[in-house]
Amino acid sequence: MSIAARKEREKEQMRQLILDAAREIFLEKGYHQTSIRNIADKIEYSPGTIYLYFKEKDEIFFALHNESFGKLFSLVLPLAAVQDPFERLKAMGRIYLRFAFENKDLYDLMFIMNAPMNVIEESCEWQNGQRVMDILLHTLQECQQQGRFAGMDLNALGYAVWGAVHGMAAIYCRNRIGVICKHNHEELLEETYTTFVQMLEKN
């Protein structure tokens, strides 16, 4: 291995070390209690070292945001093997909801918190998030080719489907579902998603 390649690997390892520490602190204490200083303390380096890799805290959170979308993308990608696009669409929704249930804080970071969006607006980059959206739009396009959702604008349809499933997930993750149902929250969400799918089947 060349010196340049080794240095690049060490740089990437340090960057990942910072992200792992930031994620651990965030999941334990939340966004506001996650600072450059306590990340540095966690990895036993000076705060100045962190700034060699990230110019500010929100840039770290954007990296975690993008990493989380990569995780969601890896869960959705195997559905490409499902031949029936409508069955694929239904499965995508279930994976999305399960991801939200099992990763409440990361879901909050991905879809609700403002912090990562500041960096996205500056850089105009949303690579992993866009890949997830592209899979949804491609699946809806295939559904249209098979006669479903005739005459509907693809982008508007994608936004509507995403918005509906996101709403279910966000209400659950932000602990608002108790307003509707005191017990068996996941059971209610399952029934709600089934109802949504039945509505889609009529188009």
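Good morning. In this predicted model, the largest nonpolar core holds 37 residues, and Leu 89, Phe 149 and Val 161 touch the most other members. A nonpolar core here is a set of buried Ala, Val, Leu, Ile, Met, Phe, Trp, Tyr and Cys residues joined through side-chain atoms within 4.5 Å, where buried means under 20% relative accessible area with a 1.4 Å probe, protein chains only. Two or more residues of this core come from each of helix 4, helix 5 (85-102), helix 6, helix 8 (127-145), helix 9 and helix 10 (185-201). Helix 5 gives the most, with 8 residues. Helices are DSSP runs (H or I, at least four residues), numbered from the N terminus.

A second, separate core has 22 residues, including Ile 36, Phe 54, Leu 106 and Met 113.

Let us return to Val 161. Beyond its neighbours within four places in sequence, Val 161 is in contact (heavy atoms within 4.5 Å) with Leu 89, Leu 136, Leu 140, Phe 196 and Leu 200.

A note on method. Residues are numbered from 1 along each chain as its sequence is written, and side-chain values use heavy atoms, with hydrogens and water left out. Because the model is predicted, local features need pLDDT of at least 70 and side-chain atom pairs count only at pLDDT 80 or more, while totals for chains, interfaces and linings use all residues.

I close with the lining of the largest pocket. Its residues divide into 10 nonpolar, 4 polar and no charged. Nonpolar covers Ala, Val, Leu, Ile, Met, Phe, Trp, Tyr, Cys and Pro; charged covers Asp, Glu, Lys and Arg; the others, Gly among them, are polar.

Technical notes
Buried < 20%, exposed > 50% of the residue type's maximum accessible area, 1.4 Å probe, protein only.
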